[in-house]
Amino acid sequence: MVVVGVDQGLPSMLDSDSLRSVAASHPLAPGMAYMSREWATRSGFKVGDKVEVNAPGGVVTWEVAALLDSDFANHGAAIVVPAAAVEVAFDRGASTDVLLLRGDTAQISARIVSLVDGAAQVTSPDSIFASYNRIFRTPLMLVSLFAAIAVLTGAVVVFLTWRLALGEARPTLSRLRLLGARTGDLVVGSGLVLVPILLVTYVVGAAIGVVLGRELSSFRQQITNFTGQAFEQPVNYALPLSGAFIAAVAMFAFAWLTGVFQLRAVAPIDAISGRDETVIRPSAIRWPLLGGATSLIASAIIVRMNPGPVLGLAVILLFIGLALLAAVLPVLAGTALRTASSGASGLMIGRQLEVEWRRNAALAITFAVALLTSITMSGTADSMRSDIDAAVQRLTGGQLYVVAAPVGSNFGSETFGPQVRDEIAAVAGVAATDTFAYTNVTINGGRYRVESLGGDVARFTDIHFDSAPDGGVERDDLNEMLHGNNVAISSNFARTQKLKVGSTVDIPVADGHQSARVVAVIDDSTSDGGMIVLGSDLYRQVAGTSWIYAIGLVLTPGVDVTDMTGNLSNIVKTRYPRAEVVSAEQYRSSLGSNLSRLMSSFIVFAWVMYVVAAVVGAATLSSSIAIRARGISLTRLIGGDRNSLRKLLGAEALITVVIAWAVAVAGAAVGTRALIGVQSIASGLLPPIRTPYSMVMGSLPLAVFAAAAAVTVARRSLGHRPLAETLADE
């Protein structure tokens, strides 16, 4: 719930008649409040009830004077009180968050902009919250990136399997052409074949997505805590479901349209031979090999240069290079094996890798792309999460932390007054204290966090400086540096705003703006987009208050933590009923932003893609073996035994998947850096790369497992087909 302070002139400025009529019949007197009827009924409030609200000075009580028939703010979760009451209860002085003006905007806008002098935005009511869009930019960019990669992976799988299916159906298609079927008939018919596959795929995928979405509904609460907005609407499944359907249609349409060229190449004469295979043509690998290597090298060079938006091109080149190399390297391996081998087994495996390059390419590309996706996502997410967690760790060196509301739901107004720190510091057994306060301001059209650290900062933090005056400063000097208009900025804020030590940044204050000088750049990743650290005096000018978000404590050696927790709780809960005393671990968890939690979910999704890679690889390989049932049976007819065939097919499959694994791991090293670079455009975060070694090393046994599983699944092709059936078919 938010507290909204209004003056007597507000009703005349609103389109709704609800507040106007209520204000006329029940004037908003001191100690009285309005509430939304729907929200009040749902929460158990009625006219005449007392509402207790946490404020920096303690609990404030208002009486419900009337109920509004419409939502005033925050989806109804608001209590409307006189502005004077807010000034006193929340130590706001004469500060105002929003001024509503009526008049000829063309005439007064420029004048108002000049009057506020950077202290506020001058905009239409519809754009008041436009600056909040930046808060969600990085999570949305990451979700979009990973969604695009998932769609691209699906498109590759569908495209390659459909091409293989059309290739295997070539004799049947040739006979249809011989009987008079036109190319258009084949195109329509192939589309009708894809439609039920598309629908089944979508239904299964959408059902799984809805279930997972419901399981991840905790993000809903985190976003509520993150923004302070009360979202009461049901989850909007229409957007992701419609988007998934469009993505599925796009993937299948791409495969279907590219298959048209194959259908046009089908000639009736191909049906005359009655064979199931067309003439084997030599595979040209020189240009695909050069193209794949060039694309991969170009992608690595772009990532190394880190040219901002062009990093998206690096991702595209990476996938092109990966696909080409995964297709041609098994052919090279076959040629090398035939050249180096003198036995029948080596010759057969090598020859098979050469002539079956289309099937091997489908297997290698699908397995490599799925594996690349999982390793890249895991590496990107784990790098960012670890960097965020490490930054939080450096800022929270206390043993206990006192907060005015439960961890995770401590909004801006639920804070302590400055006197509380002095009271806690005087408690026996408390060796040192520090304070943390923050607010959000609009700079260059975006919302950014402004912080203030007080107390024994050196004892509680391990601040790392990216750059500071005179070649570097010690962490003990931070508070001494932040005097007057001196500020420190986080490294990601420096990147997104293109600032450095000695630069100036305009910071809005109550009566205009202050031109602050950057005296240090702090290595910090706790904020999305960046933050600014101010001295106490400048922070007071910006925030208009000296509220304290949290108070950290270091205890005297020998003091029992449990006893101290109880003592401090008794002290603060008399005035702050929602206050809590939490451990450092609990406090760090609350500071771990939504971005960190989102990264954890992406890591889980990466492991899901990891399993998908194994399933896709095994299924593609099994299908490839099953299609060769006739040739395998003929080999048995001339004396080949099942065990020998199983070993030959297993060796062939193993070579293919190991090559795909090597290509995927090499590509992931570039892909992880590319994705981190792309997201840094919005967030400014450039964490050290963390390679998911468990996934990389585990993926090689995964490749072996996929090959073994495929051979096992396709065991009927390895000798269970009756020889009489083979003879009849031949």
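Predicted model: local features only at pLDDT ≥ 70, side-chain atom pairs only at ≥ 80, totals over all residues.

1. The crossing of H11 and H13 is right-handed.

2. As for the residues that make this contact, H11 contributes Leu 318, Phe 319, Leu 322, Ala 323, Ala 326, Ala 327, Pro 330 and Val 331. From H13 come Trp 357, Ala 361, Ala 364, Ile 365, Ala 368, Val 369 and Leu 372.

3. For the protein as a whole, there are 25 helices and 15 strands, and buried residues make up 45% of the 730 residues. Among contacts between residues at least 6 apart in sequence, 79% join residues at least 24 apart.

4. The structure holds 14 salt bridges, and one of them joins Glu 63 to Lys 50, with the closest N and O atoms 3.2 Å apart. Because Glu 63 lies in strand E4 (residues 58–68) and Lys 50 in strand E3 (residues 50–55), this pair ties together parts that are 13 residues apart in sequence. Glu 63 counts as partly exposed at 25% relative accessibility, while Lys 50, at 54%, counts as exposed.

5. Glu 354 is buried, with a relative accessible area of 10%, whereas Arg 351 is partly exposed, its relative accessible area being 43%. Salt bridges that share partners join Arg 351 and Glu 354 with Arg 338 into one network.

6. Which residue forms a salt bridge with Arg 421? The partner is Asp 422, and the closest N and O atoms of the pair are 3.9 Å apart, a value to be read against the limit of 4 Å for a salt bridge. Arg 421 is partly exposed, with a relative accessible area of 23%. The side chain of Arg 421 also makes a polar contact with the side chain of Thr 433, at 3.3 Å.

7. Is Thr 433 buried or exposed? This residue, placed in strand E7 (residues 430–443), has 5% relative accessibility and therefore counts as buried. When its neighbours within four places in sequence are left aside, the residues in contact with Thr 433 are Arg 421, Ala 425, Gly 455, Asp 456, Phe 460, Ile 551, Gly 552 and Leu 553.

8. A last point for attention is the backbone at Lys 498, which has a positive phi of about 55° although it is not a glycine. Lys 498 sits in the loop between helix H17 (491–497) and strand E11 (504–509). With a relative accessible area of 73%, Lys 498 is exposed.

Methods
Residues numbered from 1 in each chain as written. Heavy atoms only, no water. Helix = DSSP H or I, 4+ residues; strand = E, 2+ residues; numbered from the N terminus. Buried < 20%, exposed > 50% of the residue type's maximum accessible area, 1.4 Å probe, protein only. Polar contact = N/O pair within 3.5 Å; in protein donor to acceptor, adjacent residues only side chain to side chain. Contact = heavy atoms within 4.5 Å. Salt bridge = Lys/Arg side-chain N within 4 Å of Asp/Glu carboxyl O. Left-handed = near helix turned anticlockwise from the far one by under 90°.
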